Amino acid sequence: MAIYHLSAKPVSRSAGRSATAAAAYRSGTRIVDERTGEIHDYRRKRGVESVDIILPRGSDYEWASDRSRLWNAAELAEKRKDACVAREFVVALPFELSPSTRRQLALDFAQEMADREGCAVDVAIHAPGGDGDNRNHHAHILRTTRKVEAEGLGDKLDTEKAGRRRVDDLQAVRASWANACNLALERASVPDRVDHRSHRARGIEVPPTVHLGPTITEMERRGVRTERGDVNRRAWRLRELLQKLLEMKEALQKRLAAVPKREPMAPAGIAHGFALVSPFARRPGPPESIKPDEASPDPDPGTDFSP
């Protein structure tokens, strides 16, 4: 069953993060931060299957294809100490697809984002962790917050400007990823489909689970109970109960369908039955073979029955 996941998070200085460190870690490379002098070396990192930098179609910005130059430019373009220097999207890649198809899915999604926003997008595909779910293929998509130009980074992206409804922007990205996944699944003749909407929006009465993330997942593996883990455990128990109730409902419907149906009463029979029970119906007279004087003899003429 294909699973939908897309999460978005800012790479913000206020949280102690940097674009150079984020890019180096996700790509498994070495980047020196020109602003701070820090060296971010993750060349020993395992599980990085592929890395690509995507630029808007038709652009000829060779400098931006250099990962170190790109993310140092992102850092140097911002002056505020609480600046958002990059934005990251983490997506789950359908394990039903082949490795090459999963990679192409991520690149096509990044290309559409680069063309729409005018930004540079750094795509790193990671393999599932050794101790986790072996179906957890995923991609880290790191996007600049400014438009890429011939000599460097230019103005802020429209979606990064003040006054934007980021909730609406995120919903648009979530819908775009769902459409991209479903198109790839259809092309691969996989019947499963994903949906970016919540259970409530889809009218599904099933308790949702929450994303644990790597830190909480590792704690749960070590036997440490967490609040998010408890939320998922309750959701799974409720799902099992709902599944049993649905199975009981289906079994009951099958039994009812197997019960023979009675023939409906003919219209003439219905009318006759109504005539028998209705207080307004005319009672049938005596049989024609019996004469009136024989059926009910007249009372004594001498008897007065008047009131």
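Where does P10 lie, and which residues does P10 touch?

A: This is a predicted model. Start with P10. P10 sits in strand β1, which covers residues 6–12. P10 has 40% relative accessibility, so P10 counts as partly exposed. Leave aside residues up to four places away in sequence, and P10 touches R17, C84, A86 and R87.

Take C84 from that list. C84 is buried, because its relative accessible area is 18% and buried means under 20%. Another cysteine, C181, is buried too, at 2% relative accessibility.

Next come the charged pairs. The model has 22 salt bridges. One of them joins the side chains of R35 and E75, at 3.4 Å from N to O. This pair links distant parts of the chain, 40 residues apart. R35 is in the loop between β2 (30–32) and β3, while E75 is in helix α2, residues 67–76. R35 is partly exposed, at 41% relative accessibility. E75 is buried, with a relative accessible area of 0%.

R43 and D41 form another salt bridge, and their closest N and O atoms are 2.8 Å apart. R43 counts as exposed at 57% relative accessibility. D41 is partly exposed at 37%.

D168 and R165 also meet in a salt bridge, at 2.7 Å from N to O. D168 is partly exposed, with 40% relative accessibility. R165 is exposed, with 55%. Salt bridges can share partners as well: R87, E117, R143 and E160 are joined into one network that way. Two of these names have come up before.

Now the rings. A pair of aromatic rings is described by the distance of the centres and the angle of the planes. The whole structure holds two aromatic pairs. Y25 and Y42 make an edge-to-face pair, with 5.1 Å between centres and 90° between planes. Y25 lies in helix α1 (residues 19–27), and Y42 lies in the loop between β3 (39–41) and β4 (48–54), so the pair ties together parts 17 residues apart in sequence. Y25 is partly exposed at 35% relative accessible area. Y42 is partly exposed at 30%.

F109 is in helix α3 (residues 99–117) and W177 is in helix α4 (residues 166–187), so the pair ties together parts 68 residues apart in sequence. Both F109 and W177 are buried.

Turn to the surface. L238, L241, L242, L245 and M248 form a nonpolar patch there, with about 470 Å² of accessible area together. L245 belongs to helix α7, residues 227–258. At 45% relative accessibility, L245 is partly exposed.

One backbone detail remains. Most residues other than glycine have a negative phi. S189 has a positive phi, near 60°. S189 is found in the loop between α4 and α5 (199–202). S189 is exposed, with a relative accessible area of 67%.

Conventions: Residues numbered from 1 in each chain as written. Predicted model: local features only at pLDDT ≥ 70, side-chain atom pairs only at ≥ 80, totals over all residues. Heavy atoms only, no water. Buried < 20%, exposed > 50% of the residue type's maximum accessible area, 1.4 Å probe, protein only. Helix = DSSP H or I, 4+ residues; strand = E, 2+ residues; numbered from the N terminus. Contact = heavy atoms within 4.5 Å. Patch = residues over 30% accessible without salt bridge, like charges linked within 9 Å, V, L, I, M, F, W, Y side chains within 5 Å. Areas by Shrake-Rupley, 256 points an atom, 1.4 Å probe, with all protein chains shown as cover. Salt bridge = Lys/Arg side-chain N within 4 Å of Asp/Glu carboxyl O. Phe/Tyr/Trp six-rings, centres within 6.5 Å; stacked < 30°, edge-to-face > 60°.
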